[in-house]
Amino acid sequence: RVWVLGASIGGPEAVRTFLSQLPAGYPALFQLAQHLGDDLVETMTRQLARSIALTVRTPAHGDRASHGEVFVVPNDKRLLVEPNGVVVLQDVAEQSAYRPSIDRVLEDVAARFGASAGAIVFSGMSDDAADGAKAIAARGGNVYVQSPDSCVVSTMIDGVLTTSILSFFFRLAACS
């Protein structure tokens, strides 16, 4: 299984709270697409790695992915994980209003992993994630969202809710 974690404002704390509940070696790969300034991505990666049991890293081109890992999607590259687990980093061809584009990450994962792909959308401000969540659902994957009342900002969740493809709500009490 490959899960995309999409987040924006309020997301780092919500993602940390969620991932801290999972044991090392959890049988899935997570790709974290977090709207964050370039200067804060490395800091967030280090802080997340210190606070959860899963392995957290920003992969390099040619690396191999495995279960129990969280890949932080870089802002300046398109992160693709091939079905055989090889990581491919490409230059971003088209610029999005948001970096990284959660929609693009979701669409890429849906295209490669179909029903074995999933989306978990956290707190955030934007409409980024709604189209990508539709791509996940169209291929048979599940779409989960943080409960809007536990978000710092629920605009991203609201966008996914308008698609009528939701599989599950979850509440993060520590984030409200």
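A salt bridge here is a side-chain nitrogen of Lys or Arg within 4 Å of a carboxyl oxygen of Asp or Glu. The model is predicted.

**Exercise 1. Pairs within a helix**

Task: Which helix holds Asp 108 and Arg 104, and how many residues apart are they? Treat Lys 134 and Asp 131 likewise.

Solution: 
- Step 1. Asp 108 forms a salt bridge with Arg 104, with the closest N and O atoms 3.5 Å apart.
- Step 2. Both residues sit in helix H3; because Asp 108 and Arg 104 are four residues apart, about one helical turn separates them.
- Step 3. Asp 108 has a relative accessible area of 5%, so Asp 108 is buried. Arg 104, at 27%, is partly exposed.
- Step 4. Turn to the second pair. The side chains of Lys 134 and Asp 131 meet in a salt bridge at 3.4 Å, N to O.
- Step 5. Helix H4 holds both Lys 134 and Asp 131, which are three residues apart, about one turn of the helix. Lys 134 is partly exposed at 40% relative accessibility. Asp 131 is partly exposed as well, with a relative accessible area of 42%.
- Step 6. Widen the view. A network of salt bridges links Arg 78, Arg 104, Glu 107 and Asp 108. The count for the model comes to eleven salt bridges.

**Exercise 2. The largest pocket**

Task: Which element gives the most to the lining of the largest pocket?

Solution: 
- Step 1. The largest pocket has a volume of about 250 Å³. Its lining has 18 residues, and Val 92, Glu 94, Ser 96, Ser 101 and Arg 104 are the closest to the centre.
- Step 2. Strand E5 (77–81) and helix H3 (102–113) each supply at least two lining residues.
- Step 3. H3 gives the most, with four residues.
- Step 4. Sort the lining by class: seven nonpolar, four polar and seven charged residues.

**Exercise 3. The second largest pocket**

Task: How many residues of the lining of the second largest pocket come from H2?

Solution: 
- Step 1. The second largest pocket holds about 160 Å³ of space.
- Step 2. Its lining includes Pro 12, Val 15, Leu 40, Met 44 and Leu 48.
- Step 3. Helix H1 (11–19) and helix H2 (38–51) each supply at least two residues.
- Step 4. H2 brings six residues, the largest share.
- Step 5. By class, the lining of this second largest pocket divides into seven nonpolar, three polar and two charged residues.

**Exercise 4. Backbone exceptions and a patch**

Task: Where do Pro 100, Ala 129 and Ser 164 lie, and is Ala 129 buried or exposed?

Solution: 
- Step 1. Recall the background. Most residues other than glycine have a negative phi, and most peptide bonds are trans.
- Step 2. A cis peptide bond joins Arg 99 and Pro 100, with omega about -10°. Pro 100 lies in the loop between strand E6 (87–91) and H3.
- Step 3. Ala 129 has a positive phi, near 125°. Its place is in the loop between strand E7 (117–121) and helix H4 (130–138). At 0% relative accessibility, Ala 129 is buried.
- Step 4. Ser 164 has a positive phi too, near 60°. Ser 164 is in the loop between helix H5 (155–161) and strand E9 (168–170). At 68% relative accessibility, Ser 164 counts as exposed.
- Step 5. Ile 9, Met 125 and Val 152 make a nonpolar patch of about 270 Å². Ile 9 lies in the loop between strand E1 (2–7) and H1. Its relative accessible area is 38%, so Ile 9 is partly exposed.

Note on methods. Residues numbered from 1 in each chain as written. Predicted model: local features only at pLDDT ≥ 70, side-chain atom pairs only at ≥ 80, totals over all residues. Heavy atoms only, no water. 1 Å grid on protein atoms, 1.4 Å probe; cavity = no way out; pocket = protein on both sides within 12 Å on 5 of 7 lines; lining within 4 Å. Points joined across faces, edges and corners; volume = space filled by probe spheres on them. Nonpolar A, V, L, I, M, F, W, Y, C, P; charged D, E, K, R; others polar. Patch = residues over 30% accessible without salt bridge, like charges linked within 9 Å, V, L, I, M, F, W, Y side chains within 5 Å. Areas by Shrake-Rupley, 256 points an atom, 1.4 Å probe, with all protein chains shown as cover. Buried < 20%, exposed > 50% of the residue type's maximum accessible area, 1.4 Å probe, protein only.
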